[in-house]
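Reader: I would like to learn how to read the fold and the helix packing of a model. Please take one feature at a time.

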Amino acid sequence: MNSAFSMASLGDDYRALVIGASGAIGRAFCQQLSQDPRCAGVRELGRHTVPALDLEQPQSIASAAAELAAQAPYQLIVHAAGLLHRERIKPEKSYSAIEADALQAVFQVNALGPAMVLRHFLPLLDPQGAMALLSAKVGSIGDNRLGGWYAYRASKAALNMLIKTAAIELARTRPQSRLLSLHPGTVVSGLSQPFRGASSARPADVAAEQLLNLIDQLTPADSGQFFAYDGQRLPW
């Protein structure tokens, strides 16, 4: 980890909020930000924090935001939670494997829950702040060459549309803010471990630093866009 890491675009004594702080990359975001001398504090949210935020319990999203409102604004909000697989949920190799329950669960975590995060947490964002949500390159319709992974692809495509739409609205009222959709690449985590490509995955701390540096370099003109961790602009 780079001990000289620092974000310049958020001003001195900026305050950060990480949603999904218990995952591999969420923890790495918190560690990186806590080492930034410019960061005055990092607030962590997840299923087991106080207050708790569970993407499968929409009321918890509203309640957590209400509880944190007194400490707003936050100059940086990062949403790092997502679902690719768990017990009885696996990426589909064929349309014959699509199951309604699995589709609903994946959409709840990857799109419906984040939609409520946008609703309740964008009001807590500083007018010159940045909010980034982790999407995935496989959510790109234009880049889809292999097929498969129906629920995950579709839920991340839906997330991208939600981010794009909210960014258009945000630009009207807070034109100096940034709302970004970011692809983290393959990261060493429980999410990537069972899949091809995991052997070439980057450590979570490396991915987190790359993503934070990218957020720092992007400007309000980039709000509502879809970027890979290396700065490449991705097709919708």
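Author: The protein has five helices and six strands, where helices (H or I, at least four residues) and strands (E, at least two) are DSSP runs numbered from the N terminus. Their order along the sequence is β-α-β-α-β-α-β-α-β-α-β. This is a predicted model: local features need pLDDT of at least 70, side-chain atom pairs count only at pLDDT 80 or more, and totals for chains, interfaces and linings use all residues. Residues are numbered from 1 along each chain as its sequence is written, and side-chain values use heavy atoms, with hydrogens and water left out.

Reader: How is the packing of α3 and α4 described?

Author: Axes are lines fitted to C-alpha atoms, for helices over the stretch in contact, and angles run from 0 to 180 degrees between N-to-C directions. Helix α3 (residues 100–121) and helix α4 (residues 150–173) pack at about 10°, their axes 8 Å apart. α3 is therefore roughly parallel to α4 (angles under 35 degrees count as roughly parallel, over 145 as roughly antiparallel, 65 to 115 as roughly perpendicular and the rest as oblique).

Reader: Which residues in α3 and α4 meet?

Author: Contact means heavy atoms within 4.5 Å. Among the α3 residues that meet α4 are Leu-103, Phe-107 and Leu-118, and the α4 side includes Tyr-152, Leu-159 and Ile-163. The residues of this contact divide into 15 nonpolar, two polar and one charged (Ala, Val, Leu, Ile, Met, Phe, Trp, Tyr, Cys and Pro count as nonpolar, Asp, Glu, Lys and Arg as charged, and the others, Gly among them, as polar).

Reader: What share of the 236 residues is buried?

Author: Buried means under 20% relative accessible area, exposed over 50%, partly exposed in between (1.4 Å probe, protein chains only). Buried residues make up 49% of the 236 residues.
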